[in-house]
Amino acid sequence: MREILYSRQAVRESLRARRRQFFKVWLLKGIEPSPLVDEIVTLAGTLKIPVGTLARGDLDALVDNPGHQGVALEASGYPYVRTEAMFDLAAEHKEAPLFLLLDLIQDVRNLGTLMRTAEAVGVHGIILQERRAAGITPAVANTSAGAVEHLLVAQVANLSQAIEQLKAADVWIAGLEYASGAQLYTEVDLNGPLGVVVGSEGSGLRRLVREHCDWLLMLPMHGMINSLNASVAGSVVLYEVVRQRGR
């Protein structure tokens with residue numbers, strides 16, 4: 001399956017990561033030179049990818065998104081991996097495994113933001129459920145500023161079963177939930193092998209997913225609103241992991 005990636009950051013990072021098969025780079029006819037555009041053209045030359053130009057109307061039609069910034073990339077679909085590859089990456093870096101599990105996140109902006117944070121803090125892998133959740137689309141590549149191109153992402157049929165498999169491999173699971181019995185996120189030891197579970201935008205963690213967690217973590221709330229955006233909450237906890245691990 002082929003996809004059309006778009007925006008300068010997403011296209012550049014995909015070319016830098018070299019994890020997809022590339023077919024053609026498209027530039028807006030008469031595009032203004034810039035360091036990012038020059039780098040994309042240079043990468044395309046290094047990888048022997050043909051570069052073509054399109055008039056604005058044709059490029060708009062190809063991408064079907066006005067935010068393409070004059071750049072598009074025709075490439076193969078996103079290269080999902082198995083969770084074993086994530087453990088291998090942690091072992092290669094000689095680090096305790098750190099996974100991000102997303103329980104039916106559907107907003108591509110939240111997903112992209114979480115992907116960008118995950119790449120920045122050195123998460124070894126992200127696990128998504130295949131059905132009823134957003135997958136890695138060109139829109140997610142764009143909102144993550146291309147960060148997802150450098151991440152290992154697995155899709156699983158059942159997130160609760162995936163959690164149990166991680167626990168069998170001695171990974172502790174911490175779910176984000178502002179609920180009775182939840183512990184303040186700064187008061188839990190997050191140094192060992194860890195999976196952080198972030199719930200969906202509307203209903204948070206599903207009951208079965210919540211019951212499979214070893215701990216529930218909460219962020220303090222002092223205002224009138226009693227919940228945080230999923231990507232904000234997930235990002236805060238991931239950076240707490242970084243702080244505790246002294247990276």
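Buried means under 20% relative accessible area, exposed means over 50%, and partly exposed is what lies in between, computed with a 1.4 Å probe on protein chains only. The model on screen is predicted: local features need pLDDT of at least 70, side-chain atom pairs count only at pLDDT 80 or more, and totals for chains, interfaces and linings use all residues. Residues are numbered from 1 along each chain as its sequence is written, and side-chain values use heavy atoms, with hydrogens and water left out.

**Stop 1**

Helices (DSSP runs of H or I, at least four residues) and strands (runs of E, at least two) are numbered from the N terminus. Two strands pair if DSSP finds at least two bridges between them.

Select β1, β4, β2 and β3, which make an open sheet in that order, with mixed pairing. β1 (2-6) and β3 (51-54) are the edge strands; each has a single partner strand, so one side of each has no neighbour in the sheet. From one strand to the next the twist averages 25°.

Now show β2 (residues 22-28) with β4 (residues 71-76): they pair in the antiparallel sense over five bridges. Val25 has Leu73 as its bridge partner in β4.

Contact here means heavy atoms within 4.5 Å. Axes are lines fitted to C-alpha atoms, for helices over the stretch in contact, and angles run from 0 to 180 degrees between N-to-C directions. Helix α1 (residues 8-17) lies across β1, β2 and β4, and runs at about 40° to β4. Helix α2 (residues 35-46) packs on the sheet too, touching β2, β3 and β4, and its direction makes about 150° with that of β2.

**Stop 2: two loop residues**

Most residues other than glycine have a negative phi. Select Arg18, in the loop between α1 and β2. Arg18 is not a glycine, yet its phi is positive, about 60°. With 48% relative accessibility, Arg18 is partly exposed.

Move to Lys48, in the loop between α2 and β3. Lys48 also has a positive phi, near 60°. Lys48 is exposed, at a relative accessible area of 74%.

**Stop 3: salt bridges**

Side chains of opposite charge can pair when their charged atoms come close. A salt bridge is counted where a side-chain nitrogen of Lys or Arg is within 4 Å of a carboxyl oxygen of Asp or Glu. That rule gives 14 salt bridges.

Begin with Arg2 and Glu74, whose closest N and O atoms are 2.9 Å apart. This pair links distant parts of the chain, with Arg2 in strand β1 and Glu74 in strand β4, 72 residues apart. Is Glu74 buried or exposed? Glu74 is buried, at 19% relative accessible area.

Select Arg82 and Glu84 next: their side chains form a salt bridge, 3.5 Å from N to O. Arg82 is exposed, at 62%, and Glu84 is partly exposed, at 42%.

Then go to helix α9, where Arg243 and Glu240 lie three residues apart, about one turn of the helix. Their salt bridge has its closest N and O atoms 2.7 Å apart. Arg243 counts as exposed at 55% relative accessibility, while Glu240 counts as buried at 6%. Elsewhere, salt bridges that share partners join Arg12, Glu13, Arg16 and Glu39 into one network.

**Stop 4: helices α5 and α9**

Which residues of α5 meet α9? They are Asn110, Thr113, Leu114, Thr117, Ala118, Ala120 and Val121, and on the α9 side Ala230, Ser231, Gly234, Ser235, Leu238, Tyr239 and Val242. The contact of α5 with α9 has eight nonpolar, six polar and no charged residues. Nonpolar covers Ala, Val, Leu, Ile, Met, Phe, Trp, Tyr, Cys and Pro; charged covers Asp, Glu, Lys and Arg; the others, Gly among them, are polar.

**Stop 5: strand β5**

Finish with β5 (residues 98-102), a mostly covered strand: five of its five residues are buried. In a regular strand the side chains alternate between the two faces of the sheet. Leu98, Leu100 and Leu102 point one way from β5, and Phe99 and Leu101 point the other way.

Strand β10 (residues 194-198) runs parallel to β5 and is joined to it by five bridges, with Leu98 opposite Leu194. Strand β6 (residues 125-129) is also parallel to β5, through four bridges, and there Leu100 stands opposite Ile126.
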